[in-house]
Amino acid sequence: MRRMKKFVASGLAALMVMGMLAGCGGNSNTEGGENKEAKGSVYYLNFKPEQAEQWEELAKQYEDETGVSTVKE
């Protein structure tokens, strides 16, 4: 029984490591974290009026860096 638990634990640990490494590979069309073909927009909600100014500033910075428009509701 003890041996079976070690085997299962080792198998699960190996699966978790493989899952983490799967996100490290692949090909993407981004350069320096910026998507050259960015389309669409980001929609965000703000339920705290005391933070509205900070969210608007962040949205403007995001638009400037990525070219993706933001929509506030």
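The legends below accompany several close-up views of one predicted protein model.

In this predicted model, local features need pLDDT of at least 70 and side-chain atom pairs count only at pLDDT 80 or more, while totals for chains, interfaces and linings use all residues. Residues are numbered from 1 along each chain as its sequence is written, and side-chain values use heavy atoms, with hydrogens and water left out.

**View 1. The order of helices and strands along the protein.** The protein has 2 helices and 4 strands, where helices (H or I, at least four residues) and strands (E, at least two) are DSSP runs numbered from the N terminus. Read from the N terminus on, the elements follow the order α-β-β-β-α-β. Buried residues make up 5% of the 73 residues, and here buried means under 20% relative accessible area, exposed means over 50%, and partly exposed lies in between (1.4 Å probe, protein chains only).

View 2. Helix α1 has 21 residues and reaches 30 Å from its first C-alpha to its last, close to the 30 Å expected at 1.5 Å a residue; the expected span is 1.5 Å times one less than the number of residues. Of these 21 residues the number buried is 0, so α1 lies largely in the open. F7 is found in this helix, which covers residues 2–22, and F7 counts as exposed because its relative accessibility is 62%. Together, M4, F7, V8, L12, L15 and M18 make a nonpolar surface patch of about 660 Å². Patches are made of residues with over 30% relative accessible area and no salt bridge, with like charges joined within 9 Å and nonpolar side chains (Val, Leu, Ile, Met, Phe, Trp, Tyr) within 5 Å; accessible areas come from the Shrake-Rupley method with a 1.4 Å probe, and for residues only the protein chains shown count as cover.

View 3. The structure holds 1 salt bridge, defined as a side-chain nitrogen of Lys or Arg within 4 Å of a carboxyl oxygen of Asp or Glu. The side chains of D64 and K60 meet in this salt bridge, at 3.1 Å from N to O. Because D64 and K60 are 4 residues apart in helix α2, they are separated by about one helical turn. D64 is exposed, with a relative accessible area of 56%. After α2 comes G67, whose phi is positive, near 85°.

View 4. Strand β3 (residues 41–44) and strand β4 (residues 69–72) pair in the parallel sense over 4 bridges; two strands pair if DSSP finds at least two bridges between them. In β4, S69 is the bridge partner of S41, and T70 is the bridge partner of V42. β3, α2 and β4 make a right-handed β-α-β unit, where right-handed means that, with the strands pointing away from the viewer, the path from the first strand over the helix to the second runs clockwise.
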